[in-house]
Amino acid sequence: MAGDICEDCGSTDVRTIYGGTPLCDRCVDKRVAEQTGYPQLPEPPGPMSVVDAAGRSRHLRFRVWRAPTGIEVELEETGVPPGEGYHCAALGAHDANVDQLVAHVREKVAEDMARIFLQPSPHRSGWILADDVVEGRLVWCDEHATGSPYAVIVDGRTLTWEELGQALSSYEGWRFRLELTDRVDDLRPDATLFSLTPTIGDVAAGTKAISPRIGVLLEEFLADQHRRLSAKTYSRYQDVIDLLRSCLNNYGHQYLNPDELTRFEAAYTNDEDAFVHLFGADELVACIPEFLDYFMVRKVMAGAELLRSSGTVTKKLAKWLGDKGYLDAGTVADVVEMGAEASRELPRAERLTNLLYELAEVSEVDLENVAEDDYVDDYLLIERVESGALWFEGGIGPVKIPKEASDLARPGWSVNVVLARVRRSWVIVEAGNVYP
Ligand SMILES: [Zn+2]
């Protein structure tokens, strides 16, 4: 990356090729913030100089950047070949306090520099151990490509594996223990999945909190329900949330504004679940009518129980999002109302779907002998319901149905139907889903 120029700001300090574009840390962070909704990270602290245990002055600089797993703060030595010299890194959660991470690596490097593992051999060129312990890190060396082991860095100094072996030459017959540890100190709280929660906004003052991504919200919601629900009820919640997630990933983009849609389409080429990874509570809620009115209806095989639950779980989710400060009270009330209506109406509509389907199955109309004017194949709104009959929009009716079916039907619902007029009344020849 040496010689590259940041394409966004012209800085020569390019550390990352981000989606094929050479960028400096700051400009990568700007793009990550735009794509994920995370706040931009603060500027790293300025460079520092430390005198090591051997009395040499070392110069180091900070990097602060957002990895997929969290915020990483690095302290690396300058004035040495890239990747060599002293180095220390810490990984915090996505909402970690950057000052604390900076303090951690500063302390860690100071500790490293205060210790010396190697000293010059008094008898030959090269090194011997100062004590019976040696710590360092493995680094790439050009010879590695042709089969040589990695080089090592001890006391900020690069040695070949061979040179390290020679430093152990006075230990013939001794036992040793080689322990490998992660390149970064992982300071994240244990549950990484739930570490994305930003600070809750001032709900009382009416300020909305920054919503985490939908994927995180849904996991957190389920985790909270798990604590208070029976296993059976919880598993139904899981089923509904799985359906909602699938609905969002497949249909949620219809309700995005043009900018969001562009972001979504770019991400979707590599990630089928891009919707729940990019967007938050507002975009989730925009898709709830689609979920309850269309998506769940097309899932009628799910059964009345699950249909009712889809309304109940939607209500619970809306209230939960409101309690967390991710939705304002008005939106919560709207979604709760939609959920309540879905709980009442979806199971009824499903029963009506089944009754109309059975009715169509037994119809004996020969469509060959039906005149064009007496034939309708359309998605129609129910305009009027009477005992034993329906009227569809455009004055189509009466359509004779059993009283059991007309008791369920409601004006305003829609049905996919094929109708034929036989003498004065209409008969259902084919019937699809009823949409409340
Ligand atoms: Zn830049």
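**Entry 1**

I am working on a predicted model, where local features need pLDDT of at least 70, side-chain atom pairs count only at pLDDT 80 or more, and totals for chains, interfaces and linings use all residues. Residues are numbered from 1 along each chain as its sequence is written.

Strand E10 (residues 151-154) and E11 pair in the antiparallel sense over 3 bridges. I noted that strands pair if DSSP finds at least two bridges between them. Helices (H or I, at least four residues) and strands (E, at least two) are DSSP runs, numbered from the N terminus.

I then looked at the whole sheet. It is open, has 3 strands in the order E9-E10-E11, and its pairing is antiparallel. Which strands stand at the edges? They are E9 (137-139) and E11 (157-159). Each has a single partner strand, so one side of each lacks a neighbour in the sheet. From one strand to the next, the twist averages 35°.

**Entry 2**

I followed E13 (residues 375-386) next. E13 runs antiparallel to E16 (residues 414-422), and 7 bridges join them. I listed two of the partners in E16: Leu380 has Val415, and Leu381 has Ser414.

E13 also pairs with E14 (residues 389-392), in the antiparallel sense over 4 bridges. Here Glu386 stands opposite Ala389 in E14. The hairpin of E13 and E14 has 2 residues between the strands, and Gly388 takes a positive phi near 85°.

E16 pairs with E17 (residues 425-435) over 8 bridges, again in the antiparallel sense. I found Ala431 of E17 as the bridge partner of Val417.

Two packed helices are described by the angle between their axes and the distance between the axes. Axes are lines fitted to C-alpha atoms, for helices over the stretch in contact, and angles run from 0 to 180 degrees between N-to-C directions.

I took H10 (residues 304-323) with H11 (residues 329-361). Their axes come within 7 Å and cross at roughly 175°. H10 and H11 are therefore roughly antiparallel (the cut-off is an angle over 145 degrees). The contact of H10 with H11 has 13 nonpolar, 7 polar and 4 charged residues. I used these classes: Ala, Val, Leu, Ile, Met, Phe, Trp, Tyr, Cys and Pro are nonpolar, Asp, Glu, Lys and Arg are charged, and the others, Gly among them, are polar.

How do H5 and H10 pack, and at what angle? H5 (residues 231-251) packs on H10 at about 80°, with the axes 9 Å apart. H5 and H10 are therefore roughly perpendicular (65 to 115 degrees). Arg236, Tyr237, Asp239, Val240, Ile241 and Leu243 of H5 make the contact with Leu306, Ser309, Ser310 and Val313 of H10. Residues count as in contact if their C-beta atoms, placed from the backbone, lie within 7 Å. By class, I recorded 6 nonpolar, 2 polar and 2 charged residues there.

**Entry 1: domains**

The chain is divided into domain 1 (1-40), domain 2 (43-185), domain 3 (197-350) and domain 4 (363-435). These bounds come from an automatic or database domain assignment. The centres of domain 1 and domain 2, taken over C-alpha atoms, are separated by 26 Å. Their contact takes 5 residues from domain 1 and 4 residues from domain 2. On the domain 1 side, I noted 3 nonpolar, no polar and 2 charged residues.

Conventions:
Parallel < 35°, antiparallel > 145°, perpendicular 65-115°, else oblique. Contact = placed C-beta atoms within 7 Å.
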